[in-house]
Amino acid sequence: MFEARDHPFVEKALKKPDKKANRAAIPVPKMTEAELRRRREEEEAMFLKRAEEAKKKQNRLASEEYVKMVLVSNTNRDDSIIEARNVEEALAKITVTDSLPVDRHPEKRV
């Protein structure tokens, strides 16, 4: 009449995988103290190597940026720059009235 499989709790228990069975199936290799020390030393060496590479890359980028800054021309000493004693003179020398075309539609710029 009544079977154990018909009960909902039993069905739920049958569907769940056994977690402990999986733990025993995967053997974890044991490591000696010497192997742990060697692994730590290898990881430390890799870390130092990566840090050294990053430092070299940083220095290379910094030197390239320095070269770019040095190659920029100094416009403070440029003779083609306009000299003026006040704002009115500077504006008079800067304005280019002859080369500008006549504004045919000024109402569009409002």
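Student: Before we look at this predicted model, what does "buried" mean for a residue here?

Tutor: Buried means under 20% relative accessible area, while exposed means over 50% and partly exposed lies in between. In this model, 0% of the 110 residues of the protein chain count as buried.

Student: And how much accessible surface does the protein chain have?

Tutor: The accessible surface comes to about 11,900 Å². Carbon and sulfur atoms account for 56% of that area.

Student: Let's turn to the fold. How many helices and strands does the protein chain have?

Tutor: There are four helices and zero strands. Along the sequence this reads as α-α-α-α.

Student: How should I use the confidence values when I look at those helices?

Tutor: Happy to start with the general idea: where pLDDT is low, the predicted coordinates should not be read in detail. As for this case, the average pLDDT of the protein chain is 78, and 66% of the residues score at least 70.

Student: Which elements have the lowest and the highest mean pLDDT?

Tutor: Helix α2, residues 19-25, has the lowest, at 64. Helix α3 has the highest, at 90.

Student: Good, then let's look at side-chain contacts. How many salt bridges does a search of the whole structure find?

Tutor: Two. To read one, look for a side-chain nitrogen of Lys or Arg within 4 Å of a carboxyl oxygen of Asp or Glu. R38 and E42 make one of them, with N and O 3.2 Å apart. Both residues lie in helix α3 (residues 33-71), four residues apart, which is about one turn of the helix.

Student: Which residue forms a salt bridge with E33?

Tutor: That is R40, and the closest N and O atoms of this pair are 3.8 Å apart.

Student: Which residues make the nonpolar surface patch?

Tutor: Y66, V67, M69, V70 and L71 make a patch of about 570 Å². V70 is found in helix α3.

Student: One last stop: where is I81 found?

Tutor: I81 is in the loop between α3 and α4 (87-94). With a relative accessible area of 41%, I81 is partly exposed. I81 and I94 are 13 residues apart in sequence, and their C-alpha atoms are 10.0 Å apart in space.

Key
Residues are numbered from 1 along each chain as its sequence is written. This is a predicted model: local features need pLDDT of at least 70, side-chain atom pairs count only at pLDDT 80 or more; totals for chains, interfaces and linings use all residues. Side-chain values use heavy atoms; hydrogens and water are left out. Helices (H or I, at least four residues) and strands (E, at least two) are DSSP runs, numbered from the N terminus. Buried means under 20% relative accessible area, exposed over 50%, partly exposed in between (1.4 Å probe, protein chains only). Accessible areas come from the Shrake-Rupley method with a 1.4 Å probe; for residues, only the protein chains shown count as cover. Patches are made of residues with over 30% relative accessible area and no salt bridge: like charges are joined within 9 Å, nonpolar side chains (Val, Leu, Ile, Met, Phe, Trp, Tyr) within 5 Å. pLDDT is the predictor's confidence in each residue, from 0 to 100.
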